[in-house]
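Me: I'm new to this one and would like a quick tour. Can we go through it piece by piece?

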Amino acid sequence: MTILNSVNFKSSKVRIVKPYPLWRELKVKEADSGAVLLDLLKDRFPFISTDEWKRRITDKWVQINSEPATAEHILKTGQIIRHFNPRIKEPSVPDELRVLKEHEDWLLVWKPAPMPVHQGGRYYKNTVHSILHEMGYTDAKIVHRLDSVTSGVMLFGRNKETVAILQSLFKEGKVRKEYLALVCGEVEKNFRIDKPIKRKKGFVFECGTGPDAREAVTEIEVVDRLKGYSIVKAIPKTGRTHQIRLHLKTAGYPIADDPIYGPDGDQSGMRLQNSPIRLVS
């Protein structure tokens with residue numbers, strides 16, 4: 001039996017919020033016009049069962065433009081879907097968010113993983129944006145994003161003018177971003193990946209072509225080689241969802257503990273909550 005030394009053993013802080021009631025809204029985009037309400041809800045929120053969605057619709061917990069909805073309702077662009085949950089139970093996140101530096105125009109923030117940046121899926125209060133507001137930074141505005149399972153440094157604007165300037169710099173590729181990742185396989189040399197990315201299902205994306213595919217380019221540099229693994233630096237030239245994770249998988253070097261795109265990923269479309277994965281910017 002191993003006895004842990006209480007001096008050397010350190011447990012991570014965990015942030016837990018009490019269950020709470022909430023109405024949430026979702027605006028129907030042009031791409032979803034003509035879809036059946038129940039199908040869209042199942043696709044966007046795969047962690048909720050079909051039977052549960054049917055029950056919520058029957059109980060009038062789902063509305064279209066503030067009117068009770070039916071499961072077979074055909075959606076139109078611009079409609080507002082409202083759905084109610086009387087007892088939201090959010091997954092816990094690390095209680096390690098830190099403001100590294102603050103200026104009257106911006107904030108520099110350390111984001112732990114797993115933690116989403118903004119509201120979505122199963123998260124509302126356990127997000128970077130919400131936690132910053134709780135800390136008193138109610139003027140913090142999102143400039144760019146990191147995946148939920150990615151840890152790293154983020155920049156927030158504190159007024160519209162600064163946000164516009166910073167977002168334009170990111171959009172024009174004038175901000176250099178670097179990430180470190182532990183990948184499967186011994187990478188022999190630096191390389192570049194140029195593969196478009198598109199949504200596959202729910203929260204899962206894939207490399208491929210098509211009308212909804214977007215250009216994606218990543219440069220990979222070898223930092224160190226281990227037995228059966230490598231530490232690489234990933235430098236994205238574009239900012240697509242799950243870009244680095246997908247590109248490394250496509251190149252044959254999946255991130256070692258990625259719950260979706262890793263060697264044992266299930267690709268189910270579920271937003272896995274407690275992954276130990278770390279990409280560090």
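Me: Let's start with helix α5 (residues 243-250). Is it largely enclosed by the rest of the structure or largely open, and what is the count behind that?
Reply: Bear in mind that this is a predicted model. Buried here means under 20% relative accessible area. Among the buried residues of α5 are Q243, I244 and R245, and L246, H247 and L248 are buried too. The helix is therefore largely enclosed, with the buried count at six of the eight residues.

Me: Which strands do the buried residues of α5 pack against?
Reply: Contact here means heavy atoms within 4.5 Å. Going by that, the buried residues of α5 pack against β11 (179-184), β12 (191-194), β13 (197-201), β14 (204-207), β15 (217-226) and β16 (229-236).

Me: On to the second largest pocket. Which element gives the largest share of its lining?
Reply: The pocket has a volume of about 330 Å³ and is lined by 20 residues, with I48, R56, N85, I88 and K89 nearest its centre. By class, the lining splits into nine nonpolar, three polar and eight charged residues. At least two lining residues come from each of β2 (20-27), α2 (50-58) and β5 (80-88). The largest share, six residues, belongs to β5.

Me: How are the rings of W23 and F84 arranged: stacked, tilted or edge-to-face?
Reply: The structure holds six aromatic pairs. In this one the ring centres are 5.2 Å apart and the planes are at 35°. Planes under 30 degrees apart would count as stacked and over 60 as edge-to-face, so the pair of W23 and F84 is tilted.

Me: What else is around W23: which residue has its charged end over the ring?
Reply: W23 belongs to one aromatic cluster with W61 and F84. A charged end also sits over the ring of W23, 4.3 Å from its centre, and it comes from R82.

Me: S33 is in the loop between β2 and α1 (37-44). How far is S33 from L75 in space, C-alpha to C-alpha?
Reply: In sequence, S33 and L75 are 42 residues apart. Even so, S33 touches L75, along with V28, K76 and T77. C-alpha to C-alpha, the distance between S33 and L75 is 5.3 Å.

Me: Let's look at the backbone. What are the phi values of N65 and S66?
Reply: Most residues other than glycine have a negative phi. N65 and S66 are in the loop between β3 (62-64) and β4 (67-68), and each has a positive value. Phi is near 50° for N65 and near 70° for S66.

Me: Last one: is the peptide bond from A113 to P114 cis or trans?
Reply: Most peptide bonds are trans. P114 lies in the loop between β8 (106-111) and α3 (128-134). Omega of the bond from A113 to P114 is near 0°, and the bond is cis.

Methods. Residues numbered from 1 in each chain as written. Predicted model: local features only at pLDDT ≥ 70, side-chain atom pairs only at ≥ 80, totals over all residues. Heavy atoms only, no water. 1 Å grid on protein atoms, 1.4 Å probe; cavity = no way out; pocket = protein on both sides within 12 Å on 5 of 7 lines; lining within 4 Å. Points joined across faces, edges and corners; volume = space filled by probe spheres on them. Helix = DSSP H or I, 4+ residues; strand = E, 2+ residues; numbered from the N terminus. Nonpolar A, V, L, I, M, F, W, Y, C, P; charged D, E, K, R; others polar. Buried < 20%, exposed > 50% of the residue type's maximum accessible area, 1.4 Å probe, protein only. Phe/Tyr/Trp six-rings, centres within 6.5 Å; stacked < 30°, edge-to-face > 60°. Lys NZ or Arg CZ within 6 Å of the ring centre and 35° of its normal. Lists of a residue's contacts leave out its neighbours within four places in sequence.
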